[in-house]
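User: I would like to go through this model by question and answer, with the criteria stated as we go.

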Amino acid sequence: MAKTKSYKKQRTTKLTMAYIALIVLSLIWLFPIFWIILTSFRGEGGAFVPYIIPKTFTLENYKSLLTNPSGSYPFLTWFKNTLIVSVISCLLSTFITIAMAYALSRLRFRLRKPFLKVALVLNMFPGFMSMIAVYYILKALNLTESLVALVLVYSAGAALGFYVAKGFFDTIPMELDESAMMDGANKWQIFTKITLPLSKPIVVYTALMAFMAPWMDFIFAKVIMGDKIEKYTVAIGLYTMMTRNTANSLFVAFTAGCVLIAIPITLVFIFMQRFYVEGITSGSVKG
């Protein structure tokens with residue numbers, strides 16, 4: 001009994017220390033977010049103040065950002081541009097990635113293994129290394145400074161991100177496909193009726209990553225859009241608000257913009273996270 005009590009006491013102590021460490025880490029991680037939200041409602045202007053909690057709270061920062069009285073930072077236009085690019089890129093990228101992953105996981109064809117090796121090597125190089133080449137290709141096609149160019153850039157590289165999805169498809173037993181083929185199903189029916197219902201978690205993951213990439217990207221968007229302000233995305237637009245001359249006066253409006261651009265990603269994740277735990281056996285063949 002004494003040993004059992006001692007073991008329980010040690011276990012309780014370890015769990016308590018672990019929870020304390022997790023709480024401290026959570027507070028450290030959440031503090032910048034908490035500070036940005038509070039600053040976005042701060043009534044006192046200026047970039048920095050010697051206190052965290054504002055003395056006065058106001059919605060004028062959001063009103064100023066959304067109404068754009070000076071005409072120099074059309075936030076709603078930037079938000080609309082980013083939303084259009086993110087949604088279209090998400091749909092195209094998800095379809096391309098899932099189709100590529102399924103084909104390489106389930107189908108056996110000539111040069112399959114060499115292709116996988118080449119794709120693995122290409123994935124080792126960061127995307128911005130091709131930035132200049134991509135820009136001149138788009139310039140030759142007269143597509144620079146357009147949202148179409150951004151959609152093409154974000155969607156074109158989606159196929160190389162198939163490795164995670166392919167690994168998930170590899171875990172689905174081939175016996176399900178063989179059983180469906182014996183029942184007369186073709187490849188498309190197997191993919192849509194069996195594989196996709198079993199693959200909701202990886203489809204959701206792929207869609208979220210495809211949506212977030214255009215939403216947060218700065219480098220490619222800045223190079224492609226140049227100085228065309230009305231075609232900017234929120235990442236470029238908010239960056240242009242923080243110049244040497246305007247950083248102090250527009251800082252609270254900038255933090256309001258940071259809060260607003262976080263809302264769509266948060267809502268999308270909350271809505272789609274339930275699919276992570278759904279569909280594990282929903283597409284199985286019943287005997």
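Analyst: Axes here are lines fitted to C-alpha atoms, for helices over the stretch in contact, and angles run from 0 to 180 degrees between N-to-C directions. The model is predicted, so local features need pLDDT of at least 70 and side-chain atom pairs count only at pLDDT 80 or more, while totals for chains, interfaces and linings use all residues. Residues are numbered from 1 along each chain as its sequence is written, and side-chain values use heavy atoms, with hydrogens and water left out.

User: At what angle do helix 3 and helix 10 pack?

Analyst: Helices are DSSP runs of H or I with at least four residues, and strands are runs of E with at least two, numbered from the N terminus. Helix 3 covers residues 75–106 and helix 10 covers residues 200–216. Their axes lie 8 Å apart, and the packing angle is about 145°.

User: How many charged residues does the contact of helix 3 with helix 10 have?

Analyst: With contact meaning heavy atoms within 4.5 Å, residues of helix 3 including Phe-79, Cys-90 and Ile-98 meet residues of helix 10, among them Val-203, Phe-211 and Trp-215. Ala, Val, Leu, Ile, Met, Phe, Trp, Tyr, Cys and Pro count as nonpolar, Asp, Glu, Lys and Arg as charged, and the others, Gly among them, as polar. By class, this contact has twelve nonpolar and seven polar residues, and the number of charged residues is none.

User: Which residues of helix 12 are buried?

Analyst: Helix 12 spans residues 234–241, and its buried residues pack against helix 2, helix 3, helix 10, helix 11 and helix 13. The buried residues are Val-234, Ile-236, Gly-237, Leu-238 and Met-241.

User: Is Leu-111 buried or exposed?

Analyst: Leu-111 has a positive phi of about 70° although it is not a glycine, and its place is in the loop between helix 3 and helix 4. Because its relative accessibility is 59%, Leu-111 counts as exposed.

User: What relative accessible area does Glu-145 have?

Analyst: Glu-145, in the loop between helix 5 and helix 6, has a positive phi of about 60° although it is not a glycine. Glu-145 is partly exposed, with a relative accessible area of 33%.

User: What radius of gyration does the chain have?

Analyst: The chain has 13 helices and zero strands, and its C-alpha atoms fill a box of roughly 80 × 70 × 35 Å along the principal axes. The radius of gyration is taken over C-alpha atoms, and the globule rule is 2.2 Å times the number of residues to the power 0.38. A compact globule of 287 residues would have a value near 19 Å, but the chain has 25 Å.

Key:
Buried < 20%, exposed > 50% of the residue type's maximum accessible area, 1.4 Å probe, protein only.
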